[in-house]
Amino acid sequence: MASVCLQVCVSCSDAAGGEPSAGRRLYEALVKACAGNPEISVAPVDCFAVCDRPVTLAFSAMEGERWSYLIGGADAARDIADILSAAKAVAASPHGVPAMAERPSFFRKGVIARMPPAP
């Protein structure tokens, strides 16, 4: 079982006429980057309703009582390595809250929300 799930809004768009959306491109790049890494799962989401901050993705720890993050402004061409680094930091944190030093720039600047564990 994965330690962290990356949920990517596949509706987030910057494309015109037949091109895959920016969200779809990020999702596909993350699926490829995580192939063979059982610690990180990647799932598509139809819409996070944060259309002014494409591409939006969520970092959710899969076990225990851990916080989750909703991050906007991710870019498939620029942020894949940082997204994977942040996912590993979320998974490694006992509460799902990575230390500030472990949060890449896009993560620190892109936080839309931090959600508490389910009660």
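1. **Before you start.** Because this is a predicted model, local features need pLDDT of at least 70 and side-chain atom pairs count only at pLDDT 80 or more, while totals for chains, interfaces and linings use all residues. Residues are numbered from 1 along each chain as its sequence is written, and side-chain values use heavy atoms, with hydrogens and water left out.

2. Look for strand β1, residues 4-9. Helices (H or I, at least four residues) and strands (E, at least two) are DSSP runs, numbered from the N terminus. Of the 6 residues in β1, 5 are buried. Here, buried means under 20% relative accessible area, exposed means over 50%, and partly exposed lies in between, using a 1.4 Å probe and protein chains only.

3. **Its two partners.** Two strands pair if DSSP finds at least two bridges between them. With strand β2 (residues 40-45), β1 pairs in the parallel sense over 6 bridges. With strand β3 (residues 57-61), β1 pairs in the antiparallel sense over 5 bridges. Leucine 6 is a handy landmark: it stands opposite valine 42 in β2 and opposite phenylalanine 59 in β3. As background, in a regular strand the side chains alternate between the two faces of the sheet.

4. **Isoleucine 40.** This residue lies in strand β2. Isoleucine 40 counts as buried because its relative accessible area is 6%. Contact means heavy atoms within 4.5 Å; leaving aside neighbours within four places in sequence, isoleucine 40 is in contact with Ala2, Val4, Leu6, Cys34, Leu84, Ala87 and Lys88. Tyrosine 69 is 29 residues apart from isoleucine 40 in sequence and 15 Å apart in space, C-alpha to C-alpha.

5. **Cysteines.** How many disulfides does a search of the whole structure find? The search finds 0, a disulfide being a pair of cysteine sulfur atoms within 2.5 Å. For cysteine 47, the nearest cysteine sulfur is that of cysteine 51, 4.5 Å away. Cysteine 47 counts as partly exposed because its relative accessibility is 42%, whereas cysteine 9 is buried at 3%.

6. **The salt bridge.** A search of the whole structure finds 1 salt bridge, meaning a side-chain nitrogen of Lys or Arg within 4 Å of a carboxyl oxygen of Asp or Glu. Aspartate 79 forms it with arginine 78, and the closest N and O atoms are 2.9 Å apart. Aspartate 79 is buried at 3% relative accessibility, while arginine 78 is exposed at 53%. In general, side chains of opposite charge can pair when their charged atoms come close.

7. **Arginine 103.** Find this residue in the loop between α2 (80-92) and α3 (105-110). Arginine 103 is buried yet has no salt bridge. The nearest side chain of opposite charge, glutamate 102, is 7.6 Å away; Lys and Arg count as positive and Asp and Glu as negative, with His and the chain ends not counted. The side chain of arginine 103 does reach the backbone oxygen of proline 98, at 2.8 Å. Beyond neighbours within four places in sequence, arginine 103 is in contact with Tyr69, Val97, Pro98 and Arg108.

8. **Serine 93.** This residue is also in the loop between α2 and α3. Serine 93 counts as buried because its relative accessible area is 8%. Its side chain reaches the backbone nitrogen of glycine 96 at 3.2 Å. Not counting residues up to four places away in sequence, serine 93 touches Arg66 and Pro98.

Conventions:
Polar contact = N/O pair within 3.5 Å; in protein donor to acceptor, adjacent residues only side chain to side chain.
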